[in-house]
Amino acid sequence: QTCALPICYEACLWSLELARTRAPNDPHVNRPLARLQHYLGALEEASASWRRAAIGDPGDPDAERQLRSIQVERTLRHGRYFGMDSSLESTDQSVE
């Protein structure tokens with residue numbers, strides 16, 4: 001039996017993106033959109049949505065915190081800190 005959850009995510013994304021066209025900086029639209037985008041691994045899109053949420057609600061500490069979190073995650077992914085880099089493994093083996 002297949003799971004319909006990915007279809008649900010797509011429908012949610014579509015609905016939130018449609019709502020964003022009517023209210024581009026509405027934090028009530030951009031916050032859940034950013035969370036879903038982040039969950040799905042779309043970090044660039046999530047960053048953009050959090051920036052729009054921050055414009056809509058400049059005093060929102062969550063938006064700034066989430067933007068920093070995404071930046072850290074992007075840095076870690078780019079630097080391959082989530083797993084052992086193969087060049088490090090070969091260096092360790094050559095030392096023995």
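The crossing of H2 and H3 is left-handed, a crossing being called left-handed if the near helix is turned anticlockwise from the far one by less than a right angle, and right-handed if clockwise. The model is a predicted one, in which local features need pLDDT of at least 70 and side-chain atom pairs count only at pLDDT 80 or more, whereas totals for chains, interfaces and linings use all residues. Residues are numbered from 1 along each chain as its sequence is written, and side-chain values use heavy atoms, with hydrogens and water left out.

Helices are DSSP runs (H or I, at least four residues) numbered from the N terminus. The axes of H2 and H3, lines fitted to C-alpha atoms over the stretch in contact, with angles running from 0 to 180 degrees between N-to-C directions, come within 8 Å and cross at roughly 160°. H2 is therefore roughly antiparallel to H3, the term applying to angles over 145 degrees. On the H2 side, the contact (heavy atoms within 4.5 Å) involves Pro27, Asn30, Arg31, Leu33, Ala34, Arg35, Gln37 and His38, which meet Leu43, Glu45, Ala46, Ser49, Trp50, Arg52, Ala53 and Gly56 in H3. These residues divide into 7 nonpolar, 5 polar and 4 charged, where Ala, Val, Leu, Ile, Met, Phe, Trp, Tyr, Cys and Pro count as nonpolar, Asp, Glu, Lys and Arg as charged, and the others, Gly among them, as polar.

Gln37, which lies in helix H2 (residues 27–39), counts as buried because its relative accessibility is 4%, the limit for burial being under 20% relative accessible area, with exposed over 50% and partly exposed in between (1.4 Å probe, protein chains only). Apart from residues up to four places away in sequence, Gln37 touches Leu13, Glu17, Arg20, Ala42, Glu45, Ala46 and Ser49.

The axes of H3 and H4 come within 9 Å and cross at roughly 160°, and this crossing is likewise left-handed.

Leaving aside neighbours within four places in sequence, Trp50 is in contact with Arg31, Ala34, Arg35, Asp60, Asp62, Ala63, Gln66, Leu67 and Ile70.

Technical notes: Helix = DSSP H or I, 4+ residues; strand = E, 2+ residues; numbered from the N terminus. Parallel < 35°, antiparallel > 145°, perpendicular 65-115°, else oblique.
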